[in-house]
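Here's a quick tour of a structure, one piece at a time. Have a look at the sequence and the 3D view, then read on.

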Amino acid sequence: MAEFGGRRLPIYLVLDTSGSMAGEPIEAVRQGVKALLSDLRGDPQALETAYLSVITFNSGAQQVCPLTELMAFQEPTLDASGTTALGEALILLDQVIDKEVRKSSATQKGDWKPLVFLMTDGEPTDNWQAPADALKKKKIGNIIACAAGSNAKTDPLKHATEIVVKLDNLQPDSLKKFFRWVSDSIKTTSASVAQVAADAPINLPPPPPQIQIVP
Amino acid sequence: MADTFERRINAIRWRLGLPFNQRDGVEMESEWKLLQFNESELEMVSKQLSKLLTAAAYQALTGKIHLQSVVQDEETLRAIWAVMNNVVNEKQKQLLPKISGLIVNALKQQGGQVSSSKQPATRIPTPSSNISNRPPLHKPPSLPQTQPPPMADPPNSVQSPTKSSWKWLPIPDDPDKHSESDARLFDATEGYRLFGARVRGKKHKHEGTNCDDWFECDNAGRWTIVAVSDGAGSKKFSRVGAKTACQAAIKILKRELAEIVPPAVNVAEWNKAISSRDDSGLFLDPFLKAIAASLHSAMVSAYSAVRNAVEERCQQPNSELYFKILGRPIEIGDLSATLLLMVHRVIEIEGVKCDFLMACQIGDGMVGAVRQNGDVHLLGKADGGEFSGETEFLTSNGKLEPNYLNKKTFVSINQFQAMMVMTDGVADDYFPNNDELGRLWSDLLLNRIPDTKVSADTPNATLPPGLSDCDEINELVVENLSRPELKLRSTAKVADLIGLSVADAAKRFAEVSQLGTDELHQFVASDNNAATRLRVWLDTYTVRGSFDDRTLVVLHREDLP
């Protein structure tokens, strides 16, 4: 298929695949990504402009899916083990966005501002502070961070972004709702991308009861 | 045919199976063997050859010539290409594989003997089964201005390969309800035509919201004035801002320009005037300064008008209506919109009539002019941030400062064929504008949108014979999800099919427009004019990722190629 030269909506999923996610939680995340994909594929606007990428992190961070258009996107295999290198994930996120997201120029149509959904279930085990602060300052896009379950800490996430939500637990149903909300947020964003004033706050749909916004 | 150049071209025609001149006592085989071209002929020959090759490809595709009579085997085919390769220039060289691919494939289809083809097979547009028994074009009603049919099987949801379904929801009965679309003809200076159209984009149709674009035009003596505006997508009443701004701006310009008469000076003085600005961008020449001042007054007046529009809506009892919708009192930000203003006048410089254009814009969209040779002059520089969608508005801070407006004011004097003002919905589909606005004009010509004064017997020596008639050209459509029965044509596809680069094809208005189609004329038959044709075109052409409202105003010379 010829490369789409128009404006894309880059979406990055940054997912915690540490040991504590093993079993039901990681399975629920797999299902969630699948559902997200299916949902987005049914939305005509998302279909034309949304591009998806997945970064996973545990003892290290890796981009398991480069930025790909919805129709060509292949779900990644997700396995859970290891620690929680949030700092590395944030550094990698910065790097891939630099590499993959197109900036507006006289000859190039820039992409829409990237949307990042980050989910973690525990405390970061590496040097996260500097990368988090740097990322927030850089304003690479709209980052929505989710602290899932009782062991997750919101403070590190708050360093990286203003928009932090808490997910009650890692039950399949809660994760399902989370991914549903991610999908709705994407659709809302792809619908309102036209002419957003530079620093206007992102317009997110109301979250379900399982998700609380952390002030 | 005494001229040896002609004789040699004749030999190539013979070899390709095209009609040729058989002279008594002349052995075509020997003519062919004598084939050689010198340096000075190369330019001419390469042009001839590309035409002949294209013609051959087409004739073969349409079965008008039997390819087996042209080349019996790959050896011969390669011999022809070898000759061609020696004489065509670099650009043409890129096209040869494509055309040869077409011929090879046509051969295969006809059961011809071709051993392995070295050239990659090129996609051939296969005539779809219903081309020849296509039902006669009925006259559907012209584009609905009122409620379109609600959700059930919206006309827009068609077999896109990805099975996405765009909905077409009606505009709600909220306050300030605007029409789906608009199409208007305007009076223009003698020898010119002026028309404009706007349509609700796919996104707004899908969400069931208003079209946020607006345009207005008027004349003041010999001046033509155009205003185009695009309301901010995220602002609920931006359409009110767009309409109010356009109407107010036009009023001011009409009043102020009527008094301003261009000076009778020569080329050198005009050049000096255009390039003399102080550090803030202010024109030093009094005439230019006056026009710019009117444009800026118009901007200021547009802003005031928008402010008044907000105040009106803050009065009882309206205010409650708006409060209910917004959850808070209405404010000027809710009417955010861009504004593009262009003024035109014919001026005479040393006895020659020229187009004088000045434009000023806040926000995105573009003002551009196209010359007969395909050159594009842009009269704008869109605001934009690092990411898409970061534009400025009439209602944003600081946009009315002279320092800002001066830098957003552009002038151009030349002889233009077409001058266009458009919102981002169109500008973005022809990006980068300085390269692509010629293609936009070419697309309008290809779909016979502007009213032209073409003389019926304009010779068409430059295109292969039979090209316009062959069925395959009806496949030159852009992917059309809105109205699958409506076949539009695009310069990009024509270029591909006749073996030119898109950039080249986009400059050859006279040639390419010979391949135009009357589809739009027939479609809007009950109300057929340039504006209604433009409206259907804007509403129909499809570009991936392009779902914004589309507005385009065109001012062009009557005497078009």
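B:Glu558 sits in the segment after strand S11 (550-557) of chain B; strands (E, at least two residues) and helices (H or I, at least four) are DSSP runs, numbered from the N terminus. This is a predicted model, where local features need pLDDT of at least 70, side-chain atom pairs count only at pLDDT 80 or more, and totals for chains, interfaces and linings use all residues. Residues are numbered from 1 along each chain as its sequence is written, chains are lettered from A and ligands numbered from 1 in the order written, and side-chain values use heavy atoms, leaving out hydrogens and water.

**Around B:Glu558**
- B:Glu558 is buried, at 16% relative accessible area (buried means under 20%, exposed over 50%, partly exposed in between, with a 1.4 Å probe and protein chains only).

**A helix in chain B**
- B:Asp285 caps the N-terminal end of H10(B), with a side-chain oxygen 3.1 Å from the backbone nitrogen of B:Phe287.

**The sheet in chain A**
- Seven strands form an open sheet in the order S3-S2-S1-S4-S5-S6-S7 (chain A), with mixed pairing (two strands pair if DSSP finds at least two bridges between them).
- Strands S3 (61-69) and S7 (211-214) of chain A are at the edges with a single partner strand each, so one side of each has no neighbour in the sheet.
- S6 (residues 163-167) of chain A and S7(A) pair in the antiparallel sense over four bridges.
- A:Lys166 has A:Gln212 in S7(A) as its bridge partner.

Key. A polar contact is a pair of N or O atoms within 3.5 Å; within protein, one must be able to donate a hydrogen and the other to accept it, and residues adjacent in sequence count only if both atoms are side-chain atoms.
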